[in-house]
Amino acid sequence: MTMTITNPGRKGRFGWHMNAVGIIGAAIILFWMVVAIAAPWISPYPVGKIVDFDYYGPMSSQFWLGTDYLGRDMLSRVLMGARYTVGISLAAVTLACFVGVTLGMIAAVIGGWFDPVLSRFLDALNSIPSLMFGLVVVASVGSSMTVLVLTIAVLYAPGSYRFARALAVNVNAMDFVTVARARGEGTIYTIREEIFPNIIGPVLADFGLRFVFIVLLLSGLSFLGLGVQPPNADWGALVRENIGSLSFGAPAVIVPSIAIASLTISVNMLIDNLPRRIRDRSD
């Protein structure tokens, strides 16, 4: 009698299998990233140029998404809006997660007085309502790109710190970390080679969730008039500019709203369906 033994751990070529939902989410994210990079070259008209004397012009072969309340081409403004929404959000979440994850791993490994002091300080910062803090800072300092990125990064770094520290504390107590210390390895080596590789999956998922929160926060600030300033506009600002005429200029409001929804939902779709090799390093 012969037996056929299959490998149950094989999950697609190279171990990077992803289901259809995750692939669709990744494709939409990639689409908006390409749009954000290529927007200045693929926009039909300059973002602030009035190209139609008929405000809220209808969708046509000349203006695919119609025009806004000043007669500017909505397609060009949505494409350039992707540059600001994706760019600012990505820069802010990268800075926030880099600072938060780094400090979280350092606090977990060093311990002592450094851990509780840093944790209490960041917990106090994390208790401030994000939208209120953003409104106060942006209203007092101004809403330049640098201010927006730094303000949002400060708001979301404490949450990233708490998440990374909780993961790093558990990994730090494992035997292979104890063995590394017994070999005489230093703090930097322990963090780089032992801690970080074993928390990368959850950290990536947290990165994606915080990106979604930051997109929504930035859109909220812009909707209140404190985000990207005219003549430039992100998607939240496009909704604010045209919301008063939704009844006869619907595309100018609906299209930016759909863009925000498609980006945020797609990030969640990708996070929920990450390749198993990332989610579970034991495979």
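Is Tyr-56 buried or exposed, and what is its relative accessibility? The views below take up this residue and several others in a model that is predicted.

**View 1. Tyr-56, a residue with positive phi in the loop between α1 and α2.** Tyr-56 lies in the loop between α1 and α2, and its relative accessibility of 9% means that Tyr-56 counts as buried, because buried stands for a value under 20%. The phi angle of Tyr-56 is near 50°, which is a positive value in a residue other than glycine.

**View 2. The whole protein, as a setting for the close-ups.** The protein has eleven helices and zero strands, and from the N terminus on its elements therefore read α-α-α-α-α-α-α-α-α-α-α. Taken along the principal axes, the C-alpha atoms fill a box of roughly 75 × 65 × 30 Å. Of the 283 residues in the protein, 42% are buried.

**View 3. The largest pocket and its lining.** The largest pocket holds about 370 Å³ of space, and 15 residues line it, with Ile-29, Phe-207, Gly-208, Val-267 and Leu-270 lying nearest its centre. At least two residues of this lining come from each of the helices α1 (20-42), α2 (74-110), α8 (200-223) and α10 (250-272). When the lining residues of the largest pocket are sorted by type, 14 are nonpolar, one is polar and none is charged.

View 4. Helix α3 (residues 114-126) has 13 residues, and the distance from its first C-alpha to its last is 18 Å, close to the 18 Å expected at 1.5 Å a residue. Which residues of α3 are buried? They are Asp-115, Leu-118, Ser-119 and Leu-122, and because these residues cover an arc of only 100° around the axis, they are on the same side of α3. Behind such a pattern is the geometry of the helix: an α-helix has 3.6 residues a turn, so residues three or four places apart point the same way. On the other side of α3, Val-117, Arg-120 and Phe-121 are exposed.

View 5. Leu-122 lies in helix α3 and is buried, because its relative accessible area is 8%. In sequence, Leu-122 and Pro-158 are 36 residues apart, whereas in space they are 5.2 Å apart, C-alpha to C-alpha.

View 6. Val-47 has its place in the loop between α1 and α2, and with a relative accessible area of 18% Val-47 is buried.

**View 7. Val-147 in α5.** Val-147 is found in helix α5 (residues 145-172), and because its relative accessibility is 16%, Val-147 counts as buried. Val-147 and Val-137 are ten residues apart in sequence, and from C-alpha to C-alpha they are 8.4 Å apart in space.

**View 8. Asn-242 in α9.** Asn-242 belongs to helix α9 (residues 235-242), and at 0% relative accessibility it counts as buried. How far apart are the C-alpha atoms of Asn-242 and Arg-181, which are 61 residues apart along the chain? The separation of these two atoms is 60 Å.

**View 9. The cis peptide bond from Pro-230 to Pro-231.** The peptide bond that runs from Pro-230 to Pro-231 is cis, with omega near 5°, and Pro-231 is placed in the loop between α8 and α9. As a point of reference, most peptide bonds are trans.

**View 10. Stretches listed in the UniProt record.** In an unreviewed entry, UniProt lists residues 82-271 for "domain: ABC transmembrane type-1"; in the model this span is 81% helix and 0% strand, and its end C-alpha atoms lie 21 Å apart. The unreviewed entry in UniProt also lists residues 20-43, 84-111, 131-157, 207-228 and 248-271 for "transmembrane region". Among these stretches, residues 84-111 are 96% helix and 0% strand, with end C-alpha atoms 39 Å apart, while residues 248-271 are 92% helix and 0% strand, with end C-alpha atoms 37 Å apart.

Definitions and conventions
Residues are numbered from 1 along each chain as its sequence is written. This is a predicted model: local features need pLDDT of at least 70, side-chain atom pairs count only at pLDDT 80 or more; totals for chains, interfaces and linings use all residues. Side-chain values use heavy atoms; hydrogens and water are left out. On a 1 Å grid over the protein atoms alone, a cavity is a set of points where a 1.4 Å probe fits but cannot get out, and a pocket is an open set with protein on both sides within 12 Å along at least five of seven lines; lining residues have an atom within 4 Å of a point. Grid points are joined across faces, edges and corners, and a volume is the space filled by probe spheres set on the points. Helices (H or I, at least four residues) and strands (E, at least two) are DSSP runs, numbered from the N terminus. Ala, Val, Leu, Ile, Met, Phe, Trp, Tyr, Cys and Pro count as nonpolar, Asp, Glu, Lys and Arg as charged, and the others, Gly among them, as polar. UniProt positions are given in the numbering used here, feature names are shortened, and annotations may be inferred rather than shown by experiment. The expected span of a helix is 1.5 Å times one less than its number of residues. Buried means under 20% relative accessible area, exposed over 50%, partly exposed in between (1.4 Å probe, protein chains only). The arc is that of the directions from the helix axis to the C-beta atoms.
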